[in-house]
Amino acid sequence: NKLNFKIQAKKTCLHHILTTFYKIFKEMIHMSRKKYAIIILLFTIPIIPFSIYLDNTEFESTGGILIHCLCSFVCFFTSYLLIYKKSYNILAGMTEEEYNRIEKIPKEKQKMEKISKRVGYIFVFIGILLLFSIYFI
């Protein structure tokens, strides 16, 4: 009985965690610039001081490798949003009013999706270059 209870508790906990992640990723479909900045800052704020600390220890180039991995993650995440989620509203200079206006005009929306795909592919290329440049550190 106790074993079944523990298994059931683990299943419900895992279900709750997966449901939470699903809600977060479902919300990313219409990523605003504010949400995008918050997510990027949540990843960068803890990693940058940690990599500076690692550079000052015996693991000299580990901090640089960590920074390169962080930058490539940011590039891949941005390209994922631009290519697959079509969140072209995170592009610089776009206001909410302009985004809502573009959403109503199919031709403009298609043009912005095409531009965001191009920018997304550029971010993929930069992310791959950053990962390959780790070899030279």
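Is Cys69 buried, partly exposed or exposed? Some notes to get you started.

1. Cys69 is partly exposed, because its relative accessibility is 33% (buried is under 20% relative accessible area, exposed over 50%, partly exposed in between, with a 1.4 Å probe and protein chains only).

2. Before going on: this is a predicted model, where local features need pLDDT of at least 70 and side-chain atom pairs count only at pLDDT 80 or more, while totals for chains, interfaces and linings use all residues. Residues are numbered from 1 along each chain as its sequence is written, and side-chain values use heavy atoms, leaving out hydrogens and water.

3. For Cys69, the nearest cysteine sulfur belongs to Cys71, 9.5 Å away. Cys75 is in no disulfide either, with the sulfur of Cys71 nearest at 6.9 Å. Cys75 is buried, as its relative accessible area is 9%.

4. Next, the helices (DSSP runs of H or I, at least four residues, numbered from the N terminus). H2 (residues 33-55) packs with H3 (residues 62-83) at about 170 degrees, the axes being 8 Å apart (axes are lines fitted to C-alpha atoms over the stretch in contact, and angles run from 0 to 180 degrees between N-to-C directions). So H2 is roughly antiparallel to H3, a label for angles over 145 degrees.

5. Where they meet (contact is heavy atoms within 4.5 Å), H2 contributes residues including Phe43 and Ile47, and H3 residues including Leu70 and Phe73.

6. Ser72 sits in H3 and is buried, because its relative accessibility is 3%. Leaving aside residues up to four places away in sequence, Ser72 touches Gly127, Leu130 and Leu131.

Note on methods
Helix = DSSP H or I, 4+ residues; strand = E, 2+ residues; numbered from the N terminus. Parallel < 35°, antiparallel > 145°, perpendicular 65-115°, else oblique. Disulfide = S-S within 2.5 Å.
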